[in-house]
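Hi there,

Here is the structure I promised to pass on to you. Have a look at it first, and then read my notes below.

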Amino acid sequence: IDFIKCDVEGFEVRLFTKMLPTVAKYQPLVVCELMSTVDRADFARLLEPLGYACYALEDGRWHKIDAYSDISYFPHNYYFLTPVHVREHAELVAKA
């Protein structure tokens, strides 16, 4: 499993709580539609122990964001990447 796209209308945290062993084993790139900043923070809190950080896509590049901020991004698709994803897709990651 290399990639997971998830849009389950507010049930992302519940779903991924059950999927954590699979995510830990395969470390896929994860894209989730999260409509609220609370959902985004809860989802990040779930994946951070596995080495994931939250990114938003702007101008064709992933920008690392503070998953706990009140800033919302549109569209509400958030990319959860590990350091391995950042290295493998460096051309898509904005320089800090």
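**How helix 1 and helix 2 meet**

The crossing of helix 1 and helix 2 has a right-handed sense. Please keep in mind that this is a predicted model. Helix 1 covers residues 12–26 and helix 2 covers residues 37–47; their axes come within 10 Å and cross at roughly 15 degrees. Angles under 35 degrees count as roughly parallel, so helix 1 is roughly parallel to helix 2.

Which residues in helix 1 meet helix 2? They are E12, V13, F16, T17, L20 and V23, and their partners in helix 2 are D39, D42, F43, L46 and L47.

**What is buried in helix 2**

In helix 2, the buried residues are R40, A41, F43, A44, L46 and L47. Helix 1 is part of what covers them, and the cover also includes strand 2 (29–33), strand 3 (53–58) and strand 5 (77–81).

**The salt bridge**

How many salt bridges does the structure hold? There is one, and it joins R45 to D42, with the closest N and O atoms 2.8 Å apart. Both residues sit in helix 2, and because they are three residues apart, about one helical turn separates them. R45 counts as partly exposed, since its relative accessibility is 46%. D42 also counts as partly exposed, at 32% relative accessibility.

Happy exploring!

Note on methods: Residues are numbered from 1 along each chain as its sequence is written. This is a predicted model: local features need pLDDT of at least 70, side-chain atom pairs count only at pLDDT 80 or more; totals for chains, interfaces and linings use all residues. Side-chain values use heavy atoms; hydrogens and water are left out. Axes are lines fitted to C-alpha atoms, for helices over the stretch in contact, and angles run from 0 to 180 degrees between N-to-C directions. Helices (H or I, at least four residues) and strands (E, at least two) are DSSP runs, numbered from the N terminus. Angles under 35 degrees count as roughly parallel, over 145 as roughly antiparallel, 65 to 115 as roughly perpendicular and the rest as oblique. A crossing is left-handed if the near helix is turned anticlockwise from the far one by less than a right angle, and right-handed if clockwise. Contact means heavy atoms within 4.5 Å. Buried means under 20% relative accessible area, exposed over 50%, partly exposed in between (1.4 Å probe, protein chains only). A salt bridge is a side-chain nitrogen of Lys or Arg within 4 Å of a carboxyl oxygen of Asp or Glu.
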